[in-house]
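Good morning. Please have a look at it before I go on.

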Amino acid sequence: MKILIIDDEHLALERMSRILSELGFDDVTASSDFNVALQNKFDVVFLDINMPEISGIDLAKKILEIYPLSKIIFQTAYSDFAVDAFDVGSIDYILKPIELQRVDQAMQ
């Protein structure tokens, strides 16, 4: 399973990468460059909502236009966007700080 993490915070990328590794996922790409999500197909994409160049909601729409079978999971500090996230077709919405058990639940 190919997994992508897009977040503008370096520490958030490291934490999510470590959690996914602990859960046994080894094909994980972590990047602050949103274009990675548009240029490569991933099975699961973890997206932050609030990023400087593009909102996670808008990026999710673009990803799903190109790769409709990709699964989107939002990881964010903002609870306000949950309805918007599910409206674009995300399968889960995880609030920061990210916990291993919560990621495991989302991946199930």
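Let us start with helix 1, residues 10-22. Helices here are DSSP runs of H or I with at least four residues, strands are runs of E with at least two, and both are numbered from the N terminus. The expected span of a helix is 1.5 Å times one less than its number of residues. For the 13 residues of helix 1 that gives 18 Å, and the end C-alpha atoms are 18 Å apart, so the two agree.

Before going further, a word on the source. This is a predicted model, in which local features need pLDDT of at least 70 and side-chain atom pairs count only at pLDDT 80 or more, while totals for chains, interfaces and linings use all residues. Residues are numbered from 1 along each chain as its sequence is written, and side-chain values use heavy atoms, with hydrogens and water left out.

Which residues of helix 1 are buried? They are Ala 12, Leu 13, Met 16, Ile 19 and Leu 20. Buried means under 20% relative accessible area, exposed means over 50%, and partly exposed is in between, using a 1.4 Å probe and protein chains only. Seen down the axis of helix 1, the buried residues fall within an arc of 135°, so they line one face of the helix. The arc is taken from the directions from the helix axis to the C-beta atoms. As background, an α-helix has 3.6 residues a turn, so residues three or four places apart point the same way. On the face turned away from the buried side, helix 1 carries the exposed residues His 10, Leu 11 and Glu 22.

What do the buried residues of helix 1 pack against? The partners are strand 1 (3-6), strand 2 (28-31), strand 3 (44-47), strand 4 (71-76) and helix 5 (100-107).

Take helix 5. Its axis and that of helix 1 come within 10 Å and cross at roughly 65°. Axes are lines fitted to C-alpha atoms, for helices over the stretch in contact, and angles run from 0 to 180 degrees between N-to-C directions. That makes helix 1 roughly perpendicular to helix 5, a label for angles of 65 to 115 degrees; under 35 is roughly parallel, over 145 roughly antiparallel, and the rest oblique. The contact, meaning heavy atoms within 4.5 Å, is made by Met 16, Ile 19, Leu 20 and Glu 22 of helix 1 and Leu 100, Val 103 and Met 107 of helix 5.

Next, helix 3, residues 56-66. Its buried residues are Gly 56, Ile 57, Leu 59, Ala 60, Ile 63 and Leu 64. Down the axis of helix 3 they fall within an arc of 160°, so they line one face. Among the elements covering them are helix 2 (35-39) and helix 4 (82-87).

Ser 31 is in strand 2 and is buried, with a relative accessible area of 12%. Asp 48 sits in the loop between strand 3 and helix 3. Is Asp 48 buried or exposed? At 2% relative accessibility, Asp 48 counts as buried. Met 1, in the segment before strand 1, counts as exposed at 55%.

Last, the backbone. The peptide bond from Lys 96 to Pro 97 is cis, with omega near 5°. Pro 97 lies in the loop between strand 5 (92-95) and helix 5.
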